[in-house]
Amino acid sequence: MKITHTFEPVYDSRSRILILGTFPSVKSRENNFYYGHPQNRFWKVMAAVLSCPQPVTVLEKKQMLLERGIALWDVVYSCDIEGSADSSIRNVIPNRLEIITQAAPVERIYANGNTAGKLYAKYCGEKLGMDITVLPSTSPANAAFGTERLIAEWSAVNA
């Protein structure tokens, strides 16, 4: 089923770091914001990496990122996807990531998981001319990484 991304990226003119996911999960689409599944560890990991309280509301989540120069978006604008499974993503139309890189002094780009990294390389990397660092997915499907290990790997964002 063809689905289109329905919410805006998080960024401002101070964003130096861009974190990219693949495409919003069913829960995120229902909540109309990133990493909306209660078992996704993104917000917990980012709060630990940034040494701040874990945000609860959408406003708190945006503020936590923006105050630290972090932008957040997804590689995919629209695609065919079954449920929330990144492995089922087909017929990709990528987001225009240059919207962020032209408006902010982005120095580093990180992928939340291998699929985001591969999709970036396939659809966006050459156009943007920036490398991406792939970090382990914060998805609950990534059972190989416990929260502490994720925090250790994701600490690169705050380096």
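1. Axes are lines fitted to C-alpha atoms, for helices over the stretch in contact, and angles run from 0 to 180 degrees between N-to-C directions. Helices (H or I, at least four residues) and strands (E, at least two) are DSSP runs, numbered from the N terminus.

2. This is a predicted model, in which local features need pLDDT of at least 70 and side-chain atom pairs count only at pLDDT 80 or more, while totals for chains, interfaces and linings use all residues. Residues are numbered from 1 along each chain as its sequence is written, and side-chain values use heavy atoms, without hydrogens and water.

3. The axes of helix 2 and helix 7 (residues 147-154) come within 9 Å and cross at roughly 55°. Helix 2 is therefore oblique to helix 7 (under 35 degrees counts as roughly parallel, over 145 as roughly antiparallel, 65 to 115 as roughly perpendicular and the rest as oblique).

4. The contact (heavy atoms within 4.5 Å) involves Phe42, Lys44, Val45, Met46, Ala48 and Val49 of helix 2, together with Thr147, Leu150, Ile151 and Trp154 of helix 7.

5. An open sheet is formed by 4 strands in the order 3-2-6-7, with parallel pairing; two strands pair if DSSP finds at least two bridges between them. Strand 3 (70-74) and strand 7 (133-135) are the edge strands, each pairing on one side only. On average, neighbouring strands of this sheet are turned by 25° against each other, direction ignored.

6. Helix 2 (residues 42-49) also packs on the sheet, where it touches strand 2, strand 3 and strand 6; its direction makes about 160° with that of strand 3.
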